[in-house]
Amino acid sequence: MKSYVLTLSDSQAILETVGGKGMSLAKMINAGLPIPGGFHITTEAYRQFVTSNELQTRILYTLKDVDTTLPTSLETASATISLFFADSKIPNDIATAITTA
């Protein structure tokens with residue numbers, strides 16, 4: 001079974017599984033620093049979300065004509081990609097894992 005969530009102190013909470021901020025939180029909690037309760041949503045959950053909603057092709061298509069020297073070009077692409085995510089559905093298995101956590 002794929003891991004879509006991890007506890008904050010999980011030993012698998014490394015850069016590849018939870019990103020930089022998640023990894024830093026795990027290090028801090030494991031060092032005994034006071035960290036509010038919570039959990040990580042893994043990069044696997046993100047990948048599954050993107051795959052299930054067929055976002056990768058749409059994202060790449062949106063980025064193909066971006067001119068990185070024009071901030072408005074980047075802002076337009078960002079807004080479009082943001083809408084892709086907002087209009088997408090969280091797969092049931094990921095939603096269940098998050099709700100359970």
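**Reading a helix and its aromatic rings**

A: Phe 49 is buried, with a relative accessible area of 11%; buried means under 20% relative accessible area, exposed over 50% and partly exposed in between, with a 1.4 Å probe and protein chains only. This is a predicted model, in which local features need pLDDT of at least 70 and side-chain atom pairs count only at pLDDT 80 or more, while totals for chains, interfaces and linings use all residues. Residues are numbered from 1 along each chain as its sequence is written, and side-chain values use heavy atoms, with hydrogens and water left out.

Q: Which residues are buried in helix α2?

A: Helices (H or I, at least four residues) and strands (E, at least two) are DSSP runs, numbered from the N terminus. In α2, which covers residues 43–52, the buried residues are Ala 45, Phe 49 and Val 50. Viewed along the axis of α2, these buried residues fall within an arc of 135°, taken from the directions from the helix axis to the C-beta atoms, so they line one face of the helix.

Q: What covers the buried residues of α2?

A: The cover includes β2 (39–41), α3 (55–63), α4 (71–86) and α5 (92–100), where contact means heavy atoms within 4.5 Å.

Q: How many aromatic pairs are there?

A: Rings of Phe, Tyr and Trp (its six-membered ring) pair if their centres lie within 6.5 Å, and planes under 30 degrees apart count as stacked, over 60 as edge-to-face and the rest as tilted. By this rule there are 2 aromatic pairs. The ring centres of Tyr 46 and Phe 85 are 6.2 Å apart and their planes lie at 10°, so this pair is stacked. Tyr 46 belongs to helix α2 and Phe 85 to helix α4, so the pair ties together parts that are 39 residues apart in sequence. Phe 49 and Phe 85 also form a stacked pair, at 5.7 Å centre to centre with 25° between the planes, and this pair links distant parts of the chain, 36 residues apart. Through these ring pairs, Tyr 46, Phe 49 and Phe 85 are linked into a cluster.

Q: Where does Arg 58 lie?

A: A charge sits over a ring if NZ of Lys or CZ of Arg is within 6 Å of the ring centre and within 35 degrees of the ring normal. Arg 58 lies over the face of Phe 84, at 4.2 Å from the ring centre.
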